[in-house]
Amino acid sequence: MADLPKKLKVGGKTYQIDKTTEDDAPVVLVKGGSELQRFSPNITEAELKVILEHGSSIPGDV
Amino acid sequence: MALYQIYNGPSPTTAAQVAVTTGNTVKTLLQVKASATKPIQVIDWGISFDGSAAATPIKVELMETDVAATVTASAAADLNKFDPEALSGGDPTTNLLPVGTTSTGYTSTGEGTIAAVREFDVQFVAPTNQYWKQFPLGLEPMVQVSKFLRVRVTAGTAVNAYCYVTVRV
């Protein structure tokens, strides 16, 4: 798994990051408010910031 | 045009690729979103199951949909660069293949309300078996811009699955 902080602030919103497993598969859970999103364990902090801010790795392509 | 191979899980390191449960309701195992500017050409795809006893076959579909499933977002490292163009082309997630929880990813937790589908391949595959198809040259299906390529299964009893698509963008 990539090194990720436990908390990440993006666009004024704070997300909690949890590296865990679901059904024996490693996964990165990102919780912001009531919203829970799942990411590959290979995700980097830079990739995560872009996706959380824009909803996609290509800003504007949602 | 560059070739990428994408699996239904994170790219492995020291251990084998992780297989993912099919569940026992309709489930998208893998989703690839075409960007707003580039359609996707599907070269081949495959799926295999780890069942060890004969049982009712699993419905498997390769399809284009108008609506995204909610998935585990892939990372750039999960998109295998398959040919020289891909290897020299930089990070495809920034311009060719968007990743995100409603873009390219795997293991759906929400199928979305699909209104329009183009089926590219539909099969029954035994839970002890595997299936692979390479589309004939010149007859490769195209995924339209901003649409979603999905590998979707409907299993009566859950088994684990590997699946992949090879796409040209």
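In this predicted model, 20 residues of chain A are in contact with 28 residues of chain B. The size of an interface is often given as the accessible area lost when the parts come together. Between chain A and chain B, the buried area is about 1,600 Å², and carbon and sulfur atoms give 54% of that area.

**Polar and charged pairs across the interface**

- One salt bridge is found by the rule across the interface of chain A and chain B.
- Asp61(A) and Lys33(B) form a salt bridge through their side chains, with an N to O distance of 2.9 Å.
- Between chain A and chain B, 11 residue pairs are in polar contact, both residues being at pLDDT 80 or more.

**The side of chain A that touches chain B**

- Strand S3 (25-32), strand S4 (35-39) and helix H1 (45-54) of chain A are the elements that each give two or more residues to this side.
- By residue class, the side of chain A that touches chain B comprises nine nonpolar, six polar and five charged residues.

- Thr166(B) belongs to strand S13 of chain B, which covers residues 160-168.
- Thr166(B) counts as buried because its relative accessibility is 3%, and the cut-off for buried is under 20%.
- A polar contact of 2.5 Å links the side chain of Thr166(B) to the side chain of Asp44(B).
- Leaving aside residues up to four places away in sequence, Thr166(B) touches Leu3(B), Tyr4(B), Gln5(B), Gln41(B), Val42(B), Ile43(B), Asp44(B) and Phe82(B).

Terms used
Residues are numbered from 1 along each chain as its sequence is written. Chains are lettered from A and ligands numbered from 1 in the order in which they are written. This is a predicted model: local features need pLDDT of at least 70, side-chain atom pairs count only at pLDDT 80 or more; totals for chains, interfaces and linings use all residues. Side-chain values use heavy atoms; hydrogens and water are left out. Contact means heavy atoms within 4.5 Å. Buried area is the accessible area (1.4 Å probe) that two parts lose on being put together, summed over both. A salt bridge is a side-chain nitrogen of Lys or Arg within 4 Å of a carboxyl oxygen of Asp or Glu. A polar contact is a pair of N or O atoms within 3.5 Å; within protein, one must be able to donate a hydrogen and the other to accept it, and residues adjacent in sequence count only if both atoms are side-chain atoms. Helices (H or I, at least four residues) and strands (E, at least two) are DSSP runs, numbered from the N terminus. Ala, Val, Leu, Ile, Met, Phe, Trp, Tyr, Cys and Pro count as nonpolar, Asp, Glu, Lys and Arg as charged, and the others, Gly among them, as polar. Buried means under 20% relative accessible area, exposed over 50%, partly exposed in between (1.4 Å probe, protein chains only).
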